[in-house]
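I opened a new structure today and kept short notes. Here is what I looked up.

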Amino acid sequence: MSRMVRVPGTGRGRGRRRARMRAWMLAVVAARRDAGMVTSEYAVGVIAAVAFAAALYKVVTSGQVGEELQGIVGRALNVQM
C-alpha cells in the first residue's frame, strides 16, 4: 500500500522530504488504529456469543418450540412433489 500523499506548500529538498515522511507516518498510525480487535474485545465477544447460544438453546429445547419445530420438519418431509 504505497500511496503518495501530496502536502501543499512544500518545496523541493529537505522540507519536502520531511513533509512526505510526516504524511507517511500519519498514514501508518491511521492504519494501525483500526487494525482489529484486542484481546479484551475478543473476550467480550466470545462471552456475548456464548450467552446468546445458551439463550437460544433454552428457547429451542422448550416444549412448545420443540413441538412446533417437529411439526415444521414433519410437514417439510411429507410434501408431495
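I started with the surface: the chain exposes about 7900 Å², an area from the Shrake-Rupley method with a 1.4 Å probe, where only the protein chains shown count as cover for residues. Carbon and sulfur atoms supply 62% of that area.

I noted that this is a predicted model, in which local features need pLDDT of at least 70, side-chain atom pairs count only at pLDDT 80 or more, and totals for chains, interfaces and linings use all residues. Residues are numbered from 1 along each chain as its sequence is written, and side-chain values use heavy atoms, with hydrogens and water left out.

I checked confidence next. The chain averages a pLDDT (the predictor's confidence in each residue, from 0 to 100) of 80. I found 74% of the residues scoring at least 70.

I then listed the elements. The chain has three helices and zero strands (DSSP runs numbered from the N terminus: H or I of at least four residues for helices, E of at least two for strands). Confidence is lowest in α1 (residues 14-33), with a mean of 80, and highest in α2 (residues 39-60), at 91.

How much of the chain is buried? I read 4% of the 81 residues, where buried means under 20% relative accessible area, exposed over 50%, and partly exposed in between (1.4 Å probe, protein chains only).

Leu-56 lies in helix α2. Leu-56 counts as partly exposed because its relative accessibility is 45%.
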